[in-house]
Amino acid sequence: MTKGFVTVATGNQRYYKMAVNLLHSYKYCSSSPLPFAIIADEHNEFTKEFDDVCIFNEAKCNYLDKLEMYDYLPYDINIFIDADCLVYRDINRLFDIFENADDFSCFGRVLPLDDNTGWFEYENLNADLQKQIDYVVGLHGGIYYMRKTEKCKKVLDDAKTFSLNYADYKFKGKFETPGDEPVVALSMAINKCKPIFHDFSSLICWWEHENLFKLNITNHYAYCIPLNTKTDIVHWGTRFTRSIPYCKEIAALELNLQGADEKELKKSNKHYEKLAFREKTNKLKTRVINKIKRTLKITTK
């Protein structure tokens with residue numbers, strides 16, 4: 001059976017660049033790289049770097065494109081990774097981690113029906129759906145494990161159906177448009193697919209512990225201080241791919257791939273350290289100025 005990794009990039013060229021950054025980080029960290037595919041809405045300079053390219057017939061150009069993946073999956077066993085992730089250690093072991101998982105799975109939690117911390121709440125479902133589920137699902141949508149089977153297809157098809165009446169289910173999360181995690185969570189419960197628990201050694205979100213990481217991609221090192229854990233993948237979140245820490249990691253990765261010497265690497269690191277210090281100083285100045293303004297406003301009343 002064929003197996004490999006896949007990511008999605010549609011619309012803005014920025015997403016394609018993020019996907020290539022993900023690809024480069026994977027190949028840099030893997031001693032025996034597996035095929036890595038991209039599902040996209042066009043062929044371009046970025047897609048040329050991938051082993052396989054699958055083109056959407058009609059891309060939505062948002063994260064609901066993830067629900068359309070099934071017909072484009074290139075391998076028998078696929079592990080989807082969000083394009084805004086970076087790999088820090090060899091992640092081929094993910095296939096072993098998910099070996100006994102359901103045909104559609106991910107990292108997350110299986111919760112009791114009365115739990116209110118998952119992506120949906122049992123009490124918000126109609127009577128028909130309530131009869132079909134035995135548990136609530138909490139999950140992280142940065143990684144999806146998918147065997148190309150009818151059951152996997154059913155999970156994604158049902159998730160698309162739920163997205164059409166998204167507001168009816170009172171899903172959790174602050175999404176301006178329907179998010180993939182809530183509808184996938186409900187669909188997994190309906191189709192008796194469970195996420196697997198993990199100890200954060202495979203995936204940690206940057207935005208949940210912003211600036212509380214020790215990162216060195218050239219040395220395959222990502223350590224989350226609050227969790228006291230090394231991780232394989234850092235999920236940055238799209239908005240943080242413009243951040244100085246992300247840009248610093250990408251610059252170091254690219255210099256290393258180009259064969260730069262230690263002097264060039266140190267120069268790049270110092271450059272981003274200066275930028276980070278300047279950003280921190282400016283933020284502090286802004287907070288002080290705003291506090292003074294608030295104080296003056298109060299005293300003049």
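# Close-up views of a predicted model

**View A. Strand 1 and its surroundings.** Strand 1 (residues 3-9) is largely enclosed by the rest of the structure, because six of its seven residues are buried. As you explore, please keep in mind that this is a predicted model. Strand 1 has a parallel partner in strand 2 (residues 36-40), and five bridges join the two. To find this pairing, look for valine 6, which stands opposite alanine 37 in strand 2. Strand 1 also pairs with strand 4 (residues 77-81), again in the parallel sense, over four bridges. Here glycine 4 is a handy landmark: its bridge partner in strand 4 is asparagine 78. For readers who are new to sheets, strands pair through backbone hydrogen bonds, in either a parallel or an antiparallel way.

**View B. Strand 7 and its two antiparallel partners.** Strand 4 pairs with strand 7 in the antiparallel sense, over five bridges. Within this pairing, isoleucine 81 has isoleucine 143 of strand 7 as its bridge partner. Strand 6 (residues 104-111) also runs antiparallel to strand 7, and eight bridges join them. Leucine 111 marks the spot, with valine 136 as its bridge partner in strand 7.

View C. Aspartate 82 is found in the loop between strand 4 and strand 5 (85-87). Is aspartate 82 buried or exposed? With a relative accessible area of 14%, aspartate 82 is buried, because buried means under 20%.

View D. How many bridges join strand 9 to strand 10 (residues 221-224)? There are four bridges between these antiparallel strands.

**View E. Two loop residues with positive phi.** Cysteine 61 lies in the loop between strand 3 (52-55) and strand 4. The phi of cysteine 61 is near 60 degrees, a positive value in a residue other than glycine. Cysteine 61 counts as partly exposed, because its relative accessibility is 42%. Now turn to lysine 192, in the loop between helix 5 (180-190) and strand 8 (203-205). Lysine 192 also has a phi near 60 degrees, positive in a residue other than glycine. The relative accessible area of lysine 192 is 35%, so this residue is partly exposed.

**View F. A patch of positive charge.** Which residues gather in a patch of positive charge on the surface? They are Lys266, Lys270, Lys274 and Arg278. To find your way there, follow helix 7 (residues 262-299), where lysine 266 lies.

Technical notes
Residues are numbered from 1 along each chain as its sequence is written. This is a predicted model: local features need pLDDT of at least 70, side-chain atom pairs count only at pLDDT 80 or more; totals for chains, interfaces and linings use all residues. Side-chain values use heavy atoms; hydrogens and water are left out. Patches are made of residues with over 30% relative accessible area and no salt bridge: like charges are joined within 9 Å, nonpolar side chains (Val, Leu, Ile, Met, Phe, Trp, Tyr) within 5 Å. Accessible areas come from the Shrake-Rupley method with a 1.4 Å probe; for residues, only the protein chains shown count as cover. A salt bridge is a side-chain nitrogen of Lys or Arg within 4 Å of a carboxyl oxygen of Asp or Glu. Lys and Arg count as positive and Asp and Glu as negative; His and the chain ends are not counted. The place of a charge is taken as NZ of Lys, CZ of Arg, CG of Asp or CD of Glu. Buried means under 20% relative accessible area, exposed over 50%, partly exposed in between (1.4 Å probe, protein chains only). Two strands pair if DSSP finds at least two bridges between them.
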